[in-house]
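Here's a walk through one protein model, written for someone who likes cut-offs spelled out. Have a look at the structure first, then read on.

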Amino acid sequence: MDENFLEEIKSLIYQYKNEIPKGLEFYYKDVLAGNNDDAMANMFNMPIETLRKYAIVCKIIADYNDVCDGLAIIDDENVDQDEKQEYQKTVDELTDAVRMQVGVIRDLENGEKESDVIDASVNLIIYAKHIDDSKNRTRNARSGRGDEAQKKVANLIRLLRDSDYQSLRKKGLMHQLKTTVGNDECYIEKNAFERIGGGTTKVNFIRVPISEKNRETIKQYTRSDFNTLFLIISYGDFKNEQISEKKFYSMVYSDMEKNKDAIVEIINLFKNDFNDQTLSIALEIINNGFVITEELLSIILDSHLQ
């Protein structure tokens, strides 16, 4: 857990520690699960939506404490290497969960402020036309763990949208994909084909070049400022799909090659200054991106971060 994020967590806990209703730490899981909303609201004498926000903070505190406990075990010289590796996986998953939970709190805070400030997402996310192939493979996987895999994908999408690209690279979360022949770095129209994700879950993308005129136009129409335009080409979890990592990446490259012409069309669309027709197409792609992203994130929110 990097120092900046650690300080953000400490700041958030300090911000809310005196606001959390007494006793909620024993009931926050019920609140997040949506169990007996009316009874919970009456018990704590506040609207259920406000209570859920405080319950998320309780969840952050609990997960953060678990991360600290896990790190202590990892640093213990008396613990064997295999056990440390298992704890490291747990710590990584909990850290991603806490990062997402902090983002939810900040989103709720922003939603409570009556203002017309331009959306502050760091990056803009759009999707290739064939993204439903990834969605269907993930949902319909033989493992029956499609919901869990989609939550992991959603966490990565959120990281990609809300984090500085270079900082993610420095943390080792970004890697350029290699070609299956010759193990060379893979490019699409001179744009690196990359992925984000640790473990078995991967989101594959390119950074789309965009003209400054187009950037200002998008900002004007969508009220969304952004640093980087990411095109999500595919995603998945090879453990969920019960295939090897090698087979997974073989499918990734196959999808990319099969849909390369459509991907190049999107690259050229944003790289060259819009006319009336191409602006309309671009805005449709951007709006569709908002819809897909919110659909993915709602999977997490609907489960109330459990």
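## Ground rules

This is a predicted model, so local features need pLDDT of at least 70 and side-chain atom pairs count only at pLDDT 80 or more, while totals for chains, interfaces and linings use all residues. Residues are numbered from 1 along each chain as its sequence is written, and side-chain values use heavy atoms, with hydrogens and water left out.

## The nonpolar cores

A nonpolar core here is a set of buried Ala, Val, Leu, Ile, Met, Phe, Trp, Tyr and Cys residues joined through side-chain atoms within 4.5 Å. Buried means under 20% relative accessible area, exposed is over 50%, and partly exposed is in between (1.4 Å probe, protein chains only). The largest core has 33 residues, and Ile-188, Phe-193, Ile-206, Leu-231 and Phe-270 have the most contacts inside it. Two or more residues each come from β1 (124-127), β6 (229-237), α10 (245-258), α11 (260-271) and α12 (276-302). Those labels are DSSP runs numbered from the N terminus: helices are H or I with at least four residues, strands are E with at least two. Helix α11 gives the largest share of this core, six residues.

Take Phe-270: leaving out residues up to four places away in sequence, Phe-270 touches Ile-126, Val-208, Pro-209, Ile-210, Ser-211, Asn-214, Ile-218, Leu-229, Ala-282 and Ile-286. Contact means heavy atoms within 4.5 Å. There's also a second, separate core of 28 residues, with Met-46, Ile-60, Met-100 and Val-102 among them.

## Helices packing on α4

Helix α1 (residues 3-16) packs against α4 (residues 48-74) at about 135°, axes 11 Å apart. Axes are lines fitted to C-alpha atoms, for helices over the stretch in contact, and angles run from 0 to 180 degrees between N-to-C directions. Under 35 degrees counts as roughly parallel, over 145 as roughly antiparallel, 65 to 115 as roughly perpendicular and the rest as oblique, so α1 and α4 are oblique to each other. On the α1 side the contact uses Leu-6, Ile-9, Lys-10, Leu-12, Ile-13 and Tyr-16; α4 brings Lys-53, Tyr-54, Val-57, Ile-60, Ile-61 and Tyr-64. That contact splits into 10 nonpolar, no polar and two charged residues. For these classes, Ala, Val, Leu, Ile, Met, Phe, Trp, Tyr, Cys and Pro are nonpolar, Asp, Glu, Lys and Arg are charged, and the others, Gly among them, are polar.

Helix α3 (residues 37-44) meets α4 at about 80°, with axes 9 Å apart, and the pair is therefore roughly perpendicular. Asp-37, Met-40, Ala-41 and Phe-44 of α3 face Ile-48, Leu-51 and Arg-52 of α4. The tally for this contact is five nonpolar, no polar and two charged.

## Loop residues

Most residues other than glycine have a negative phi. Lys-190 has a positive one, near 70°, and sits in the loop between β3 (187-188) and β4 (191-196). With 81% relative accessibility, Lys-190 counts as exposed. Gln-242 also has a positive phi, about 55°, in the loop between β6 and α10, and is partly exposed at 44%.

Lys-239 lies in the loop between β6 and α10. Its C-alpha atom is 10 Å from that of Arg-142, 97 residues apart along the chain.
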